[in-house]
Amino acid sequence: MKTVEAEPKAAEPGLEFVPLSVPEIKGNEWEYVKECLDTGWVSSVGSYVERFEQMVASQAGTKYAVATVNGTSALHISLLVAGVQPEDEVLVSTLTFIAPVNAIRYAGAWPVFIDAEPNYWQMDPERVAHFLEQECKWGNGELRNRKTGRRVSAIIPVHGLGHPADVEPIIAVARKYGLKVIEDSTEALGAAYRGKSPGSWGDIGTFSFNGNKIITTGGGGMIVTDREDWAKKAKYLTTQAKDDPIEYIHGEVGYNYRLVNVLAAIGCAQMELLESYVAKKRSIAARYARGLADVSGLTLMREAAWAESTYWMYTVLVEPGAFGMSSRKLLKALESQKIQTRPLWQPIHLSPAHKGAQQLSLPVAEHLADHALSLPCSISLSESAQDRVIAAIAAAANSGSH
Ligand SMILES: *Cc1c(COP(=O)(O)O)cnc(C)c1O
């Protein structure tokens, strides 16, 4: 597509680059990794894997946690453990990173995309209830989509950008129809929904520790659940479904989705600092809220009364009319000042990768995706760098308005 926008002005020389979000490695990572290397416990068995699992279970408030190689594999296994069958349908937030939707397809099932609500930009519980009650049919102990005839078996609410989704009403309607709830809590590690961690409300929850998440192991994931049989099954499936480790007897087709000890060691060091990371993200958010309050044409992130957000990614909506330029033009203007920002994800119901799913119109997510821009929010972001971001946005608003 050709654009007719003017060339952005060249940045002043010597201006420091402000990245969107970079990992923070300042704790015991080196010490723990060195211990793995010194003792030879580098691979898929080792004490850090178990320790990391315990730390995340304790943070999530669940009885069990199973470490995985990444968040996507945690979602894949969660769907299998929840009993999702090929050709089933799974309700999922459309405004999300693509991973949970891909995982639904790995399980051979189909996504049904649910729109966001306009206040906190999360899966809309009313749309979930509407779909299940108006567009599905209950019979023989199963719920089927009237249009496709497929069985609906699970719901994946994604807790987006650090703010919890309103999962209580979603779980209530899921229970009514025997659907399982898998919470993709990746972006909300350290958040609270009605005083309890995301991931602990549904049947099973997942986290990711990719480099851009609130804590990182480079790459890694976790499944959390209170169900002992599900935790055992998850461990079994992520470790090649091995029934006899000496004779190499495997009960079914499993997966090699283990997290290695070296990475779990990094995870332990990162978990030790999670609370301070969340506090820093929240103070960055509060500072943006103060600094940007008077800029017209911006809608700032909100926090529900029942939520404590991690503000994993600080995102604003840019109304081109009132602000003076679109979110994408603002991205370019900030880029010229060496400030990195990013739009949200293309809503997955519009993704070419998932064009085989039921086609629905989901206007709220589309509006949010068109207008949103995520601002620099690294844990290491300095106040002076943040002030530069705020000033550059205010300047762009003034320049665009005449
Ligand atoms: C990053 C992310 C994932 C995927 O995690 P990986 O570890 O990259 O596989 C899944 N869900 C959400 C919401 C994410 O943000």
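**Helix packing and cysteines**

Author: In this predicted model, the elements that cover the buried residues of α7 include β1 (64-68), α3 (71-81), β7 (180-184), β9 (204-208) and β10 (221-225).

Reader: Which residues of helix α7 are buried, and where on the helix do they fall?

Author: Helix α7 spans residues 228-238, and its buried residues are Trp-230, Ala-231, Ala-234, Leu-237 and Thr-238. Viewed down the axis of α7, the buried residues fall within an arc of 130°, so they line one face of the helix.

Reader: Which residues are exposed on the other side of α7?

Author: Exposed means over 50% relative accessible area. On the other side of α7, the residues that are exposed are Asp-229 and Lys-232.

Reader: Are the axes of α3 and α4 parallel or oblique to each other?

Author: The axes of α3 and helix α4 (residues 99-106) come within 8 Å and cross at roughly 45°. The contact is made by Thr-72, Leu-75, His-76 and Leu-79 of α3 together with Ala-99, Pro-100, Ala-103, Ile-104 and Tyr-106 of α4. Angles under 35 degrees count as roughly parallel. The two helices, α3 and α4, are therefore oblique.

Reader: What is the handedness of the crossing in which α3 passes α4?

Author: The handedness concerns how α3 passes α4. That crossing is right-handed.

Reader: Is Cys-377 buried or exposed?

Author: The relative accessible area of Cys-377 is 1%. Because buried means under 20%, Cys-377 is buried.

Reader: How many disulfides does the structure hold?

Author: A disulfide requires a pair of cysteine sulfur atoms within 2.5 Å. The number of disulfides in the structure is 0.

Note on methods. Residues are numbered from 1 along each chain as its sequence is written. This is a predicted model: local features need pLDDT of at least 70, side-chain atom pairs count only at pLDDT 80 or more; totals for chains, interfaces and linings use all residues. Side-chain values use heavy atoms; hydrogens and water are left out. Buried means under 20% relative accessible area, exposed over 50%, partly exposed in between (1.4 Å probe, protein chains only). Helices (H or I, at least four residues) and strands (E, at least two) are DSSP runs, numbered from the N terminus. The arc is that of the directions from the helix axis to the C-beta atoms. Contact means heavy atoms within 4.5 Å. Axes are lines fitted to C-alpha atoms, for helices over the stretch in contact, and angles run from 0 to 180 degrees between N-to-C directions. Angles under 35 degrees count as roughly parallel, over 145 as roughly antiparallel, 65 to 115 as roughly perpendicular and the rest as oblique. A crossing is left-handed if the near helix is turned anticlockwise from the far one by less than a right angle, and right-handed if clockwise.
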